[in-house]
Amino acid sequence: MTAAAETAWARAYRPLRPASLGVQLALLVLTEYALFHSYRGHDADFRWATHFLVGLTVAAAINLAWLFVKGAPARGMLLSVLAAHLFAMAPDVLFSVGVPHAPWMNVFLGHIWVHYLPSGDKSWLVIALVASGTFASCLALWLRARTGEAEAGLAPGIGIGGSALVTAQRTPERGALVSVRYGPDGPPDIVLLHGLAASQHVWAPAARLLQERGFRVVVPDLLGFGDSRRIGTRFLLDDHVDALASLLEATGAGQPVVVGHSFGCAVAVAFARAHPHAVSELVLVAPPVFRDGQRARERLGEDGWLARQVVAGSPVASLTCGLMCLLRPLAEMLVTRLADGVPREVAHESVQHSWPAYRDALTTLLDSNPLPGALKHPTHPTTVVLADADLRAPKGDVLDHPHEAVTLVELTGDHLFVYADAPAVAAVIAATTTAVEGGAQ
Amino acid sequence: MSAPGSLDDPNPADQRPGFLTAPADAIAVPGLVLPGNPVGSQPVFLVFDRRVPPAAEYADALKDVPRSRAVVIVVPRAARHTVPRGRLVVDPAGRVAAAVRIDRPRDGGSPVGYAAIDARARVRYVTLDPAYLDHSFENGLIAEAVR
């Protein structure tokens, strides 16, 4: 295991150290014992039980939400039971100093209401056991998944929610990035990189057309997306580049035209910079280039409510995405039915990614987008393909970064014209690739 | 935890909730139910028991009830005892219990507990409490809060 992985693992494991849990457990038991006797002294021990069970339920829910949002257990999880209980029973403390109960005291975890649940403490006992059992099960699965990663020498996948919360991530070993080949074996002529919340399926129509023209095409699922969604525990641009380099190395030496769509453009540009001799030319289809950070946030936020939450850095985004990942089959069903005008296989792939992969891709475009620099100072001959009605890659913003080595092609359509008008996009890519091959000859 | 006794409320949540009924939601007690007592002119602390308790225990249970509260104890059968504080009302038909809507205990007999009636004859608090003689602080707190 690397030193970085060991450090990350130690940090993730800290809340579960036996010494820490032991101290918390002792404090919890002693305090609850004292509280029980205090209530019993007032002939009100059943109220102690009610508020303890409510506190246990709430603490389990909070710890479960924390596990989903942060992708790691919270520190002081047993003390949170005590804290929730003390909060729930606060009106009883007020009563002991002469303040009768009042309706507003329901803000203390429903202090008055909780006594009126049918079957009283029996119901609360069942609820508390279900809540704490669910949390304990998720924590055990999380621990097993992270242990698997640590044994594989990976940094633990902290912050990975949804199904990945309980499933160990894998290392992007040589050639491990899942990809689809079109055309005969051999070094690829063209590499097609998909965008955010997509997979290789988005390129399928164009790839088939390029195959018909005799090109060898490789279309990978990027790190954390599509069938590669369980690969990797970090999803920075450099990690995408390394994974792509491993894949292309495995497919044989060559100098393909690298084509990106949307976020894939950022990966293409970063790859070309890191491996200049492994790329002949770049084709950037609908590159997300923005005038400034504010405009980037506005544009990317237009992807929907979830994108807005992510752009704002809201923990709600992590929680929502984590839940969607856990309920992926349901999300697949909904998205394929609700996505209007989008092919079923493309809509289906829009929910096939891990949360950190989506989040890191979006924050890359916001905070360290390499595309403006690549258009001002291109390292390779570059063709930019834009759609006239694409609001996410507006022509005006792209034209703010002109360079003589950049060729601009404008087609009709919106951001998804990569498959909606696959023949036109494929024609541009084919023309570029033919020109490259002709030049090489 | 102790199992509920025969004098406890069938619904534990309704016993000693510590929760005063809002004035607008409180029921009113007709003065005729407690003739000769100051219902409607001053707050009344109304105790229900099945017998007149020993004088010393009763006095101790009410020691925190402010002197400005009228105290009345209601029992179902005639008794020769006197009470050290307040008045004794014998109510074999349970009319007073019905008027303040105190719950029946698990054994279905007469209630043991108390009610707090404010100066406008509204029942702001009513509960079964078979151990009310041991809850002087709570009796005093409720009586003090109902004005």
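**Words and the values behind them**

Author: Five bridges join strand β5(B) to strand β6 (residues 122-128) of chain B, and the two strands run antiparallel. Please keep in mind throughout that this is a predicted model.

Reader: What makes β5(B) and β6(B) count as paired strands?

Author: Two strands pair if at least two bridges are found between them, and β5(B) and β6(B) are joined by five bridges, so they count as paired. Y114(B), for instance, stands opposite T127(B) in β6(B). Helix α3 (residues 136-145) of chain B packs on the sheet, where it touches β2 (44-48), β5 and β6 of chain B, and its direction makes about 20 degrees with that of β5(B).

Reader: Which strands of chain B are called edge strands, and what makes them so?

Author: The sheet is open and has six strands in the order β1-β6-β5-β2-β3-β4 (chain B), with mixed pairing. Its edge strands are β1 (27-28) and β4 of chain B, each of which pairs on one side only.

Reader: How confident is the predictor in chain B?

Author: The mean pLDDT of chain B is 92, and 99% of its residues reach 70 or more. Within the chain, confidence is lowest in strand β4 (residues 87-90) of chain B, at a mean of 91, and highest in strand β5 (residues 113-117) of chain B, at 97. For the complex, the predictor gives an ipTM of 0.90 and a pTM of 0.68.

Reader: Turning to chain A, why are α8(A) and α9(A) called roughly perpendicular?

Author: The axes of helix α8 (residues 237-251) of chain A and helix α9 (residues 263-274) of chain A come within 9 Å and cross at roughly 70 degrees. Angles of 65 to 115 degrees count as roughly perpendicular, and the two helices are therefore described in that way. Their contact is made by residues including L237(A), V241(A) and L248(A) of α8(A) and F263(A), V267(A) and F271(A) of α9(A). By class, the contact of α8(A) with α9(A) has eleven nonpolar, one polar and no charged residues.

Reader: How do you know that C265(A) is buried rather than exposed?

Author: Buried means under 20% relative accessible area, and C265(A), with a value of 0%, is therefore buried. C265(A) lies in helix α9 of chain A, a helix that lies across β2 (190-193), β4 (257-261) and β5 of chain A and runs at about 150 degrees to β4(A). Leaving aside residues up to four places away in sequence, C265(A) touches several residues, among them L284(A), A286(A) and L371(A).

Conventions
Residues are numbered from 1 along each chain as its sequence is written. Chains are lettered from A and ligands numbered from 1 in the order in which they are written. This is a predicted model: local features need pLDDT of at least 70, side-chain atom pairs count only at pLDDT 80 or more; totals for chains, interfaces and linings use all residues. Side-chain values use heavy atoms; hydrogens and water are left out. Axes are lines fitted to C-alpha atoms, for helices over the stretch in contact, and angles run from 0 to 180 degrees between N-to-C directions. Helices (H or I, at least four residues) and strands (E, at least two) are DSSP runs, numbered from the N terminus. Angles under 35 degrees count as roughly parallel, over 145 as roughly antiparallel, 65 to 115 as roughly perpendicular and the rest as oblique. Contact means heavy atoms within 4.5 Å. Ala, Val, Leu, Ile, Met, Phe, Trp, Tyr, Cys and Pro count as nonpolar, Asp, Glu, Lys and Arg as charged, and the others, Gly among them, as polar. pLDDT is the predictor's confidence in each residue, from 0 to 100. Buried means under 20% relative accessible area, exposed over 50%, partly exposed in between (1.4 Å probe, protein chains only).
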